[in-house]
Amino acid sequence: MDKQSSENHIKVLKKFRDVCSSQLDIGALTELDDAIEALAKALDHRQNDTDALAQMDRVLQVLAKAVTLVTNLSDFM
């Protein structure tokens with residue numbers, strides 16, 4: 001993953017966290033913060049392709065969980 005992509009991902013995750021923080025539980029917020037921190041650390045250190053893919057997979061899993069929690073309409077019915 002290149003530096004520009006990582007910086008963009010971090011910005012998007014932070015914005016998502018700020019916008020949706022009131023709708024997420026503490027576990028989801030903690031996972032999101034951990035994913036943001038891991039991406040920020042990855043910017044400082046070169047990773048091999050396997051580590052970068054594993055990190056991106058983790059970020060996508062956290063995003064999927066957060067989006068599911070925010071948009072789950074069955075909780076409101």
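The dialogue below sets values against definitions.

Modeller: This is a predicted model, in which local features need pLDDT of at least 70 and side-chain atom pairs count only at pLDDT 80 or more, while totals for chains, interfaces and linings use all residues. Residues are numbered from 1 along each chain as its sequence is written, and side-chain values use heavy atoms, with hydrogens and water left out.

Biologist: What makes up the chain, in helices and strands?

Modeller: The chain holds 3 helices and 0 strands, and its elements run α-α-α from the N terminus on. Helices (H or I, at least four residues) and strands (E, at least two) are DSSP runs, numbered from the N terminus.

Biologist: How do you know that the span of α1 is close to the one expected?

Modeller: The expected span is 1.5 Å times one less than the number of residues. Helix α1 covers residues 3-20, 18 residues in total, and reaches 26 Å from its first C-alpha to its last, close to the expected 26 Å. Helix α2 (residues 26-44) has 19 residues and reaches 27 Å, close to the expected 27 Å.

Biologist: Why is Q4 called partly exposed?

Modeller: Buried means under 20% relative accessible area, exposed over 50%, and partly exposed in between (1.4 Å probe, protein chains only). Q4, which is found in helix α1, has a relative accessible area of 45%, so it is partly exposed.

Biologist: Which residues of α1 are buried, and what makes them line one face?

Modeller: The buried residues of α1 are S6, I10, L13, F16 and C20. Seen down the axis of α1, they fall within an arc of 130 degrees, so they line one face of the helix; the arc is that of the directions from the helix axis to the C-beta atoms. The face turned away from this buried side carries exposed residues, including K3, K11 and D18.

Biologist: What is meant by a nonpolar core, and how many residues has the largest one?

Modeller: A nonpolar core is a set of buried Ala, Val, Leu, Ile, Met, Phe, Trp, Tyr and Cys residues joined through side-chain atoms within 4.5 Å. The largest has 15 residues, and those with the most contacts inside it are L13, F16, L24 and L32. Helices α1, α2 and α3 (49-71) each give two or more residues to this core, and α2 gives the most, with 6 residues.

Biologist: Which residues does L13 contact beyond its neighbours within four places in sequence?

Modeller: Contact means heavy atoms within 4.5 Å. With those neighbours left aside, L13 is in contact with L32, I36, L39, V59 and L63.
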